[in-house]
Number of protein chains: 4
Amino acid sequence: MKGYGVVKTGQPGWLDKEKPVPGPLDAIVRPTVLAPCSSDTHTMHGGAGPRENLILGHEAVGEVTEVGGLVRKFKPGDKVVVPCVTPDWTGRYIQEGKYNAHDHGMMGSFKFLTAKDGTFAEFFHVNMADANLVSLPNDISPEAALMTVDMMSTGFHAVELAEVGYGETVVVTGIGPVGLMAVAGSRLKGAGRIIVVGTRPNCVKIAKEYGATDVVSYKDGDIVERIKSLAGGSVDKVIIAGGNAATLTQAVSMVKPTGIVASVNYYDAADTFTIPAFMWGLGMANIDIRGGFCPGGAVRIEKLLNIIKYERVDPAKLITHRFDGFEKIEDAFMLMDKKPADLIKPAVFITW
Amino acid sequence: MKGYGVVKTGQPGWLDKEKPVPGPLDAIVRPTVLAPCSSDTHTMHGGAGPRENLILGHEAVGEVTEVGGLVRKFKPGDKVVVPCVTPDWTGRYIQEGKYNAHDHGMMGSFKFLTAKDGTFAEFFHVNMADANLVSLPNDISPEAALMTVDMMSTGFHAVELAEVGYGETVVVTGIGPVGLMAVAGSRLKGAGRIIVVGTRPNCVKIAKEYGATDVVSYKDGDIVERIKSLAGGSVDKVIIAGGNAATLTQAVSMVKPTGIVASVNYYDAADTFTIPAFMWGLGMANIDIRGGFCPGGAVRIEKLLNIIKYERVDPAKLITHRFDGFEKIEDAFMLMDKKPADLIKPAVFITW
Amino acid sequence: MKGYGVVKTGQPGWLDKEKPVPGPLDAIVRPTVLAPCSSDTHTMHGGAGPRENLILGHEAVGEVTEVGGLVRKFKPGDKVVVPCVTPDWTGRYIQEGKYNAHDHGMMGSFKFLTAKDGTFAEFFHVNMADANLVSLPNDISPEAALMTVDMMSTGFHAVELAEVGYGETVVVTGIGPVGLMAVAGSRLKGAGRIIVVGTRPNCVKIAKEYGATDVVSYKDGDIVERIKSLAGGSVDKVIIAGGNAATLTQAVSMVKPTGIVASVNYYDAADTFTIPAFMWGLGMANIDIRGGFCPGGAVRIEKLLNIIKYERVDPAKLITHRFDGFEKIEDAFMLMDKKPADLIKPAVFITW
Amino acid sequence: MKGYGVVKTGQPGWLDKEKPVPGPLDAIVRPTVLAPCSSDTHTMHGGAGPRENLILGHEAVGEVTEVGGLVRKFKPGDKVVVPCVTPDWTGRYIQEGKYNAHDHGMMGSFKFLTAKDGTFAEFFHVNMADANLVSLPNDISPEAALMTVDMMSTGFHAVELAEVGYGETVVVTGIGPVGLMAVAGSRLKGAGRIIVVGTRPNCVKIAKEYGATDVVSYKDGDIVERIKSLAGGSVDKVIIAGGNAATLTQAVSMVKPTGIVASVNYYDAADTFTIPAFMWGLGMANIDIRGGFCPGGAVRIEKLLNIIKYERVDPAKLITHRFDGFEKIEDAFMLMDKKPADLIKPAVFITW
């Protein structure tokens with residue numbers, strides 16, 4: 001079977017691997033719409049450590065081709081949306097009921113790229129299919145559905161972590177696709193003012209359509225001062241959906257006492273956060289610092305699909321570049337790696 | 001001083017009373033926009049027990065005419081929005097930090113109509129002015145601002161009690177002005193499907209504009225069956241913003257296990273709720289039944305004003321009937337008492 | 001295989017049934033310590049509708065005799081504690097992360113007595129063994145462990161629902177074994193005053209040892225008045241662990257505005273709750289009414305076992321009557337059915 | 001009037017100042033039992049910036065000598081417990097209902113030492129007396145009551161921030177008086193294993209009495225490794241009640257994914273936290289980092305007094321050194337500054 005991924009660290013390319021075999025609870029899916037994500041390119045470059053002979057990709061809509069003997073809800077031919085996070089629902093951190101991304105350990109529910117090959121393949125494997133796959137609704141386009149599995153779930157998770165309330169002033173740093181979803185998600189939690197930090201015209205335009213009220217650019221000087229001056233002081237919540245370790249420090253310094261900093265950024269293993277104590281009220285400001293991972297599973301994605309169905313947000317706007325054909329995964333991936341100024345999210349449509 | 005209210009139970013009329021005097025922390029306000037509410041007419045009819053010689057009204061925007069010696073933020077001439085709930089912020093139930101409507105006792109923070117005269121007067125009294133008044137922003141119309149002080153705060157409180165989450169299916173029973181705000185507030189908390197129960201064409205129209213996806217009428221048979229059939233089973237949350245004691249029973253019977261029923265309805269003292277145990281999972285369904293009161297105070301209203309300022313919702317749509325002049329309070333009140341089919345909310349504009 | 005249960009509604013007796021067969025994720029367990037529960041006798045009498053040829057029992061410690069092909073953590077011979085609630089962890093209400101007792105539907109995670117035979121048998125079946133069984137720790141007695149699977153988990157759940165905070169005044173109505181665990185659990189959540197409603201001297205004695213500070217008897221007049229007079233007004237929280245539909249009404253009438261009534265009582269299908277609106281602040285008191293079911297699964301029980309291990313509470317005190325031998329299940333069951341005054345909880349010890 | 005405090009930074013001594021005058025809502029109190037705190041000595045040394053001519057002290061029980069004209073609940077002669085945090089309850093961050101230590105700004109509710117003189121004086125000032133003073137109960141010793149106003153409220157706040165649940169494994173770093181209260185508070189929230197980090201024999205002894213199950217010393221090597229080895233992996237929660245900026249890093253590295261680090265430590269303005277991203281799951285571990293300040297006000301302290309009254313915890317155990325007479329404030333303060341190995345908390349008893 002053919003797949004696209006890391007030949008060795010830093011070297012992307014086509015791979016030939018065995019077709020995956022489903023366990024009794026699992027399914028095999030053939031992708032029909034795929035999207036590369038910056039986590040894929042990050043992994044290719046070794047951001048999470050050395051990798052070789054690994055198929056990349058974790059965002060997919062597809063068609064079931066095979067199911068394990070204990071699968072009851074799905075059968076070959078079913079069109080499905082595939083959460084990028086597919087928990088083993090028996091894990092101890094899930095039994096505790098707080099977050100589902102860490103089944104038996106940290107980020108353990110994220111199986112693609114880590115425990116097994118990803119979705120950029122002729123076939124890929126989905127564990128616990130009954131609990132982790134969602135039937136693609138007839139009235140939702142595959143590409144909009146595709147945007148729920150990571151972009152929307154992650155962006156919205158940031159908003160949930162930030163506990164955005166009615167009329168609050170929220171800052172979103174980074175307006176790539178996840179940050180844009182955090183903007184839309186903040187408006188959908190009743191935020192008043194939404195100040196975004198970003199520069200790309202394409203992204204700024206969509207940010208405004210999704211509800212951003214003010215745009216601050218890194219290029220125009222210190223963003224903390226700019227934002228505090230705009231807001232007339234500190235803000236209720238800061239969501240980090242881009243940037244680097246220094247962004248966390250900025251976030252802490254612009255949030256109000258009793259406020260929340262919520263990050264869904266994927267920092268580099270080599271990063272170190274440095275936060276001067278005085279910025280965090282000498283430890284006593286009741287400012288929470290939170291950082292989380294995309295929630296997954298079927299029920300999560302079904303709810304996000306409802307957001308689309310009832311026209312609360314259209315995440316398909318994120319898709320700026322479209323490719324046709326399995327072999328175009330390579331072009332889409334290389335585009336994501338280059339990140340030209342007009343790119344938000346590419347998608348690859350495949351007909352088998 | 002002239003005011004309009006209850007002469008004696010069941011008999012509305014004009015009253016002559018002493019002009020109120022501010023305590024050291026208080027302010028006296030002259031109304032410039034007022035709205036009657038069904039709680040006013042309910043009180044006139046004796047719904048909360050016998051009343052006499054009481055000025056009604058609890059929704060107002062106005063101008064400060066006098067302040068007590070300890071008031072620092074406001075001075076005569078300031079244009080202000082007046083929350084209908086004005087807590088004594090030192091109360092024990094407020095110190096506990098959960099809700100602010102019950103300062104020293106049940107609904108104790110609701111001072112108008114209960115502890116003192118209301119806002120349908122040449123002058124009215126506001127306790128703890130610094131904490132309870134809000135400067136009317138230049139960029140918000142007085143009538144939109146007026147809709148925040150009770151309608152929006154109460155309707156949104158229902159949504160907060162219901163803990164509406166992304167993509168959830170929410171039922172709102174009753175689409176008078178509070179129910180309509182609950183619809184808008186549910187959409188602003190990320191609800192997917194919003195099923196409303198109501199019939200008045202005017203209200204149905206606005207409900208749809210605010211985000212309702214389905215309308216169920218009491219006239220077309222059992223609403224529980226209708227809603228469960230629409231939703232394909234039980235729903236995530238039910239918000240009660242109208243109806244009677246039986247509505248609570250219906251709500252319990254259509255909400256999912258682990259769901260929430262949230263009521264902001266003002267039931268009659270003579271009502272009795274009757275809930276068959278089997279509908280509530282024999283007591284074991286983890287279905288919460290909640291009923292709350294409009295949160296107040298300056299910070300609450302400032303946040304709701306931000307909702308308007310940043311164009312998340314326009315509550316001025318609720319106002320269907322406009323009156324000019326202090327003496328028109330009577331017409332507006334009588335209209336509210338009659339509730340003609342095309343009425344949502346009347347407002348009275350006063351120039352002094 | 002022999003088991004004890006309902007021959008037909010109202011008629012308990014020994015049954016002969018097929019030995020259960022494990023699915024791939026399941027285990028078969030042989031009980032070594034068992035406890036009858038009033039839910040068992042309630043079911044025998046038809047409290048949950050007619051039943052026949054059903055083995056009862058849902059509290060057990062035992063030994064694994066057989067496991068399905070996908071079970072990884074357990075093998076024949078392992079000594080295990082068996083939660084009375086054994087969720088299918090893939091259920092939609094579990095994916096939502098709030099409560100685990102309702103996997104695919106109301107109380108769906110409670111399999112014994114409903115979806116299959118119970119634990120009063122030579123062998124019983126446990127679904128999803130890896131996620132639902134717990135190894136019996138060496139340093140915890142089997143009988144103490146047995147008390148975690150329902151009594152402690154249910155009693156503590158009531159306290160969790162009531163969100164008991166430091167120094168609060170908590171009422172616990174009913175001091176059978178679940179109520180006693182709610183007393184212990186309230187002290188373990190920092191309650192100050194704990195007022196219990198009950199009369200049996202045995203139970204009162206243990207209630208005091210577990211932390212009760214005041215005892216009110218049904219026999220000495222209106223308990224609402226008595227408790228309000230003791231507490232100098234309404235109380236912070238009321239936990240219902242016994243009584244009938246009227247107890248809920250009493251609870252609502254004695255809890256403070258913003259307080260919580262938390263029930264874990266198993267009401268009768270024929271019960272109807274009737275709550276006068278004025279007692280519930282005409283619907284606006286922000287008093288929550290909650291009713292829940294015992295949480296289950298391995299992680300829950302492991303945490304409760306830690307409570308025993310670190311000597312925070314000794315639930316073995318609940319066991320007042322001990323029986324030896326499989327055939328004594330009958331005596332223990334009949335004793336539970338009669339509920340003599342000195343009974344709290346019987347246990348049956350079995351050597352194979 | 002005489003008082004003890006900072007003559008100039010680094011130089012403690014007696015001061016002569018004007019007797020404070022109450023505003024209309026305030027009271028003047030004469031101390032009868034006082035306790036120095038390490039925050040007092042820290043402030044003297046300039047830890048929070050340069051200070052001069054400032055009376056120190058923020059823990060006191062005393063007698064009202066004068067009240068403002070609007071005070072209703074207290075009168076001269078009343079014996080009172082004085083919260084160290086006395087909010088202006090109208091503050092915006094209090095209206096939001098989450099924490100009460102930050103009324104109009106960061107730590108704004110902490111008035112002693114910052115906005116005005118402290119309690120080491122013949123007379124001291126208490127703002128908003130009705131909401132911030134508590135009558136000393138007859139059945140609680142003044143010295144036990146004294147321990148609630150900062151030590152217990154702060155230590156318990158750490159536990160609240162950590163959301164300690166039934167059976168959890170909690171680490172408490174630092175077992176000075178606040179850490180010891182965090183131990184007692186963790187047991188009172190149902191913690192199973194409580195691992196403390198500390199060395200002083202006196203403190204270790206009391207820690208065990210309050211519920212510590214394991215003691216780890218800084219002197220025996222890397223505490224993270226020691227604790228993870230004891231716990232068999234990462235722990236549920238870490239509470240920081242002592243240490244320095246590096247302690248936060250250690251805490252993050254030993255807490256589980258989805259866990260919480262809760263700090264109530266008073267870090268130095270010169271400290272900088274440095275957290276390697278890989279320890280915090282590259283930002284995606286759903287580990288919350290929280291740091292808070294002692295909640296105050298009358299209702300908080302009343303609840304903590306109930307903890308003493310109903311014998312849940314005896315905080316008077318913290319007092320290891322007793323002094324008699326106003327002039328002994330100096331000795332007590334110098335002792336606190338030296339922190340000999342056998343000191344936990346000194347108290348000064350004053351008869352006027």
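Chain A can be laid on chain C with an RMSD of 0.0 Å by a turn of 180° and a shift of 0.0 Å along the axis, where copies are superposed by least squares on the C-alpha atoms of residues with pLDDT of at least 70 in both. The two copies are thus related as by a two-fold rotation axis. The structure is a predicted model, in which local features need pLDDT of at least 70 and side-chain atom pairs count only at pLDDT 80 or more, while totals for chains, interfaces and linings use all residues. Residues are numbered from 1 along each chain as its sequence is written, and chains are lettered from A and ligands numbered from 1 in the order in which they are written.

**Chains A and C**

- In chain A, Gly97(A) has the C-alpha nearest the axis, at 2.1 Å from it.
- The same surface serves both copies, since 94% of the contact residues of chain A recur in chain C; two residues are in contact if their C-beta atoms, placed from the backbone, lie within 7 Å.
- Chain A brings 17 residues to this contact, and chain C brings 16 residues.
- On the side of chain A that touches chain C, at least two residues each come from helix H2 (92-95), helix H3 (129-132) and helix H10 (298-309) of chain A. Helices (H or I, at least four residues) and strands (E, at least two) are DSSP runs, numbered from the N terminus.
- H10(A) gives the most to this side, with three residues.
- Sorted by class, the side of chain A that touches chain C has seven nonpolar, five polar and five charged residues. Here Ala, Val, Leu, Ile, Met, Phe, Trp, Tyr, Cys and Pro count as nonpolar, Asp, Glu, Lys and Arg as charged, and the others, Gly among them, as polar.

**Chains A and D**

- In this contact, 39 residues of chain A meet 39 residues of chain D.
- Strand E13 (255-263), strand E14 (272-276) and strand E15 (288-291) of chain A are the elements that give two or more residues to the side of chain A that touches chain D.
- E14(A) gives the most to that side, with five residues.
- By class, the side of chain A that touches chain D has 21 nonpolar, twelve polar and six charged residues.
- E14(A) also pairs with strand E14 (residues 272-276) of chain D, in the antiparallel sense and over five bridges; two strands pair if DSSP finds at least two bridges between them.
- Within this pairing, Phe273(A) stands opposite Ile275(D) in E14(D).
- Strands of a sheet pair through backbone hydrogen bonds, either parallel or antiparallel.

**A sheet in chain C**

- Three strands of chain C form an open sheet in the order E2-E1-E4, with antiparallel pairing.
- Strand E2 (11-16) and strand E4 (52-55) of chain C are the edge strands, and each pairs on one side only.
- From one strand to the next, the twist averages 40°. Axes are lines fitted to C-alpha atoms, for helices over the stretch in contact, and angles run from 0 to 180 degrees between N-to-C directions.
- Strand E1 (residues 2-8) of chain C pairs with E4(C) in the antiparallel sense over three bridges.
- Lys8(C) stands opposite Glu52(C) in E4(C).

**Domains of chain A**

- Chain A is divided into domain 1 (2-136 + 314-349) and domain 2 (155-291), with bounds that come from an automatic or database domain assignment.
- The C-alpha centres of domain 1 of chain A and domain 2 of chain A lie 28 Å apart.
- Their contact takes twelve residues from domain 1 of chain A and ten residues from domain 2 of chain A.
- The side of domain 1 of chain A that touches domain 2 of chain A has five nonpolar, four polar and three charged residues.

**Individual residues**

- Thr258(B) has a positive phi of about 75° although it is not a glycine, and its place is in strand E13 (residues 255-263) of chain B.
- Thr258(B) counts as buried because it has 22 C-beta neighbours inside 10 Å. A residue is buried if 20 or more other C-beta atoms lie within 10 Å of its own, exposed if 12 or fewer, and partly exposed in between, with C-beta atoms placed from the backbone.
- Glu311(C) likewise is not a glycine, yet it has a positive phi of about 60°.
- Glu311(C) is found in the loop between helix H10 (298-309) and strand E16 (319-324) of chain C, and it is exposed, with 10 other C-beta atoms within 10 Å.
- Asp222(B) lies in the loop between strand E11 (214-216) and helix H8 (223-231) of chain B, and it is exposed, with 12 other C-beta atoms within 10 Å.
- Asp222(B) and Leu70(B) are 152 residues apart in sequence and 57 Å apart in space, C-alpha to C-alpha.
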